[in-house]
Amino acid sequence: MQYAFIGIASFILGLVFVPLAMKAAFKTGVIDRPNTQLKKHKSPVPYLGGIAIYLAFVIPVIAAKIIMHQQLYGVVGILAGATIMMVMGLIDDVKNLKPVTKLAVQLIVALILLKVNMNIKFMDHNLLNMFITVIWVVGVTNAVNLIDIMDGLAGGVTAVASLAFFAVAFLSGRVNDMIPAIALFGALAAFLVYNRPPAKIYM
């Protein structure tokens with residue numbers, strides 16, 4: 001039940017933060033205008049959905065860890081990586097970062113995960129595990145970015161993936177993976193309320 005509460009808390013926070021992000025995006029001009037043939041929306045759509053997802057995710061994760069374990073050990077790497085990725089995405093929305101800059105940031109996040117021992121471990125050779133971890137972080141990040149071209153697609157895929165990660169972590173008894181997975185699912189579910197076709201906000 002406690003994990004259900006985490007997911008519900010993230011969902012409720014998402015319902016609060018997403019409309020606030022929409023207002024902030026319109027106020028600051030961080031919007032996607034339909035100025036090319038590839039863009040099918042007929043009126044400007046605000047960005048900053050990623051910030052709302054981040055806040056609805058990180059607050060319940062921190063609260064749950066403190067309440068359940070009285071410490072943040074086990075999720076520090078995830079929180080650090082998520083924060084860096086969110087900041088990079090925000091800057092990219094405003095200034096359009098160069099691909100090499102985004103790749104460098106993604107590599108830094110991957111190295112942070114390696115530093116806190118959150119790397120893939122199913123191979124016998126540790127260096128190979130670390131290499132696959134870096135490829136996985138960079139690959140998944142860019143894969144999600146590439147599919148963020150259709151209303152509800154990226155949010156829907158990542159929501160399903162988060163729920164799948166929670167199920168795997170639950171079966172394995174990995175509490176430190178269960179908490180962020182269910183929190184991310186709740187945050188994404190709230191985002192999809194506004195991102196489903198026709199989208200009122202983008203990531």
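I take a residue as buried when its relative accessible area is under 20%. The model I am reading is predicted.

**Entry 1: Phe166**

I looked up Phe166 against that cut-off. I place Phe166 in helix 6. Setting aside residues up to four places away in sequence, I find Phe166 touching Tyr3, Met178, Ala181 and Ile182. I then checked Met178 in particular. Phe166 and Met178 are twelve residues apart in sequence, and their C-alpha atoms are 5.0 Å apart in space.

**Entry 2: aromatic rings**

Which residues form an aromatic cluster with Phe166? I noted Tyr3 and Phe170 as the other members of one cluster. For aromatic pairs, with ring centres within 6.5 Å as the rule, I have a count of four.

**Entry 3: Ser162**

Is Ser162 buried or exposed? Its relative accessibility is 5%, and I therefore log Ser162 as buried. Leaving out neighbours within four places in sequence, I list Ala181, Leu184, Phe185 and Leu188 as the contacts of Ser162. Ala181 is on this list, and Ala181 is also on the list for Phe166.

**Entry 4: helix 3 and helix 4**

I describe two packed helices by the angle between their axes and the distance between the axes. Helix 3 spans residues 76–95 and helix 4 spans residues 99–115. Their axes come within 9 Å and cross at roughly 170°. Angles over 145 degrees count as roughly antiparallel, and I therefore record helix 3 and helix 4 as roughly antiparallel to each other.

I wrote down the residues that meet. From helix 3 they are Gly77, Ile78, Ala80, Gly81, Ile84, Met85, Met88 and Asp92. From helix 4 they are Lys102, Val105, Gln106, Val109, Ile112 and Leu113. I sorted the residues of this contact into nine nonpolar, three polar and two charged.

**Entry 5: the whole chain**

I ended with the overall figures. The protein has seven helices and two strands, and from the N terminus I read the order of elements as α-β-β-α-α-α-α-α-α. The radius of gyration is 17 Å, close to the 17 Å that the globule rule gives for 203 residues, so I note the protein as being as compact as a globular protein of that length. I took the span of the C-alpha trace along the principal axes as about 50 × 40 × 25 Å. Of the 203 residues, 36% count as buried. Among contacts with a separation of 6 or more, I find that 64% join residues 24 or more positions apart.

Terms used:
Residues are numbered from 1 along each chain as its sequence is written. This is a predicted model: local features need pLDDT of at least 70, side-chain atom pairs count only at pLDDT 80 or more; totals for chains, interfaces and linings use all residues. Side-chain values use heavy atoms; hydrogens and water are left out. Rings of Phe, Tyr and Trp (its six-membered ring) pair if their centres lie within 6.5 Å; planes under 30 degrees apart count as stacked, over 60 as edge-to-face and the rest as tilted. Buried means under 20% relative accessible area, exposed over 50%, partly exposed in between (1.4 Å probe, protein chains only). Contact means heavy atoms within 4.5 Å. Axes are lines fitted to C-alpha atoms, for helices over the stretch in contact, and angles run from 0 to 180 degrees between N-to-C directions. Helices (H or I, at least four residues) and strands (E, at least two) are DSSP runs, numbered from the N terminus. Angles under 35 degrees count as roughly parallel, over 145 as roughly antiparallel, 65 to 115 as roughly perpendicular and the rest as oblique. Ala, Val, Leu, Ile, Met, Phe, Trp, Tyr, Cys and Pro count as nonpolar, Asp, Glu, Lys and Arg as charged, and the others, Gly among them, as polar. The radius of gyration is taken over C-alpha atoms; the globule rule is 2.2 Å times the number of residues to the power 0.38.
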